[in-house]
Amino acid sequence: MATFSENFFHELFDFEQIESTLTSTIRLAVKDPVALYLFFQRYSHFNGYASAMIARLASTIGLSRYTFKNHELTVTEESDRGMDIAAQIMSAAADEGANGTPVHRALSQLTVKPVGDYAGLNYSERNQFADVPGWLKEVVRDVIATYEGKIDDEASMVKAMGFHMASEMLGDREYALLDMVERYENEGIGFDRYLRQKAKPVLINDHRYVPWSWVLIHSRHDGSGVEVEHSEFAIAALNMAARYGSASEKQVKAWAEEGFRAFVELQQRLFREIRL
């Protein structure tokens with residue numbers, strides 16, 4: 001029986017309360033075009049570190065030779081399973097830039113620009129928003145410190161995998177709620193009307209992308225996106241860590257929960273600070 005599943009984390013955390021922070025922040029932002037630009041600028045800045053940190057975590061695990069081993073094999077060199085786990089993590093970053101697909105940061109820029117146009121902000125005003133406030137620097141600093149783990153440190157790597165799991169699971173809901181509030185609750189008005197009437201597709205690597213592609217590629221109100229598959233790979237990585245690591249199942253669960261909780265706390269701070 002697998003050690004980890006989505007239900008494991010759903011039983012530990014109040015996802016309804018977690019989502020309510022985001023929903024209330026978005027609903028407040030859509031009432032004012034400038035506030036909406038601030039929301040997207042801050043949110044895209046925060047998420048802009050995700051893929052790089054996923055790659056760092058995968059690298060950390062891959063470089064940790066013999067930390068994760070198949071205990072049924074007696075030859076150490078044959079038993080190493082670190083890269084098997086690293087591959088599960090790296091799958092979440094592999095979608096970007098492969099076979100001509102755009103990196104997600106490019107798609108986020110494609111979204112943020114028309115929000116700025118909708119808000120009537122000039123270049124100088126947009127650059128003022130790009131001056132990252134101290135609280136956001138602190139959030140990003142903590143993301144970097146937790147996400148990458150430490151080479152040969154089983155505890156920090158499992159915590160980082162829990163952190164990664166939270167990023168993927170909550171990311172699916174974040175983008176779905178963004179889509180729900182913007183395109184369904186406010187259908188035909190405000191920024192949704194601007195998107196439909198004035199925002200034009202942009203050519204990236206010979207393919208046309210609409211400004212809302214950044215949201216839809218991750219998740220949507222009436223469906224799902226890449227975050228669901230990434231969550232499945234993250235669960236697989238945690239289950240492999242539980243199987244191949246040296247710690248007890250109870251300890252691995254505690255580490256993963258600690259990492260998951262660390263991401264939740266940072267995510268909640270992000271949305272509360274944006275709302276102020």
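For sorting lining residues by class, Ala, Val, Leu, Ile, Met, Phe, Trp, Tyr, Cys and Pro count as nonpolar, Asp, Glu, Lys and Arg as charged, and the others, Gly among them, as polar. The model is predicted, with local features needing pLDDT of at least 70 and side-chain atom pairs pLDDT 80 or more, while totals for chains, interfaces and linings use all residues. Residues are numbered from 1 along each chain as its sequence is written, and side-chain values use heavy atoms, leaving out hydrogens and water.

Let's start with helix H3, residues 33-47. Helices here are DSSP runs of H or I with at least four residues, strands are E runs of at least two, and both are numbered from the N terminus. Aspartate 32 caps the N-terminal end of H3, with a side-chain oxygen 3.2 Å from the backbone nitrogen of valine 34. Among the buried residues of H3 are Leu36, Phe39, Phe40, Tyr43, Phe46 and Asn47, where buried means under 20% relative accessible area, exposed over 50% and partly exposed in between, with a 1.4 Å probe and protein chains only.

Next come the aromatic rings. Rings of Phe, Tyr and Trp (its six-membered ring) pair if their centres lie within 6.5 Å; planes under 30 degrees apart are stacked, over 60 edge-to-face and the rest tilted. The count comes to 22 aromatic pairs. Phenylalanine 40 and tryptophan 212 are buried. Tyrosine 147 and phenylalanine 163 also form an edge-to-face pair, at 5.2 Å and 70°. Because tyrosine 147 lies in helix H9 (residues 134-147) and phenylalanine 163 in helix H10 (residues 154-185), the pair ties together parts 16 residues apart in sequence.

On a 1 Å grid over the protein atoms alone, a cavity is a set of points where a 1.4 Å probe fits but cannot get out; a pocket is an open set with protein on both sides within 12 Å along at least five of seven lines, and lining residues have an atom within 4 Å of a point. Grid points are joined across faces, edges and corners, and a volume is the space filled by probe spheres set on the points. Two cavities reach 30 Å³ or more. The largest cavity, of about 50 Å³, is lined by Phe46, Asn47, Ala50, Val143, Tyr147, Ser167 and Phe263.

The largest pocket holds about 330 Å³ of space. Of its 25 lining residues, Asn47, Ala50, Ser51, His104 and His218 lie nearest its centre. H10 gives the largest share of this lining, six residues. By class, the lining divides into ten nonpolar, ten polar and five charged residues.

The second largest pocket has about 230 Å³ of space. H3 and H7 each give two or more residues to its lining, and the largest share, five residues, comes from H7.

Definitions and conventions. Expected span 1.5 Å × (residues − 1). Polar contact = N/O pair within 3.5 Å; in protein donor to acceptor, adjacent residues only side chain to side chain.
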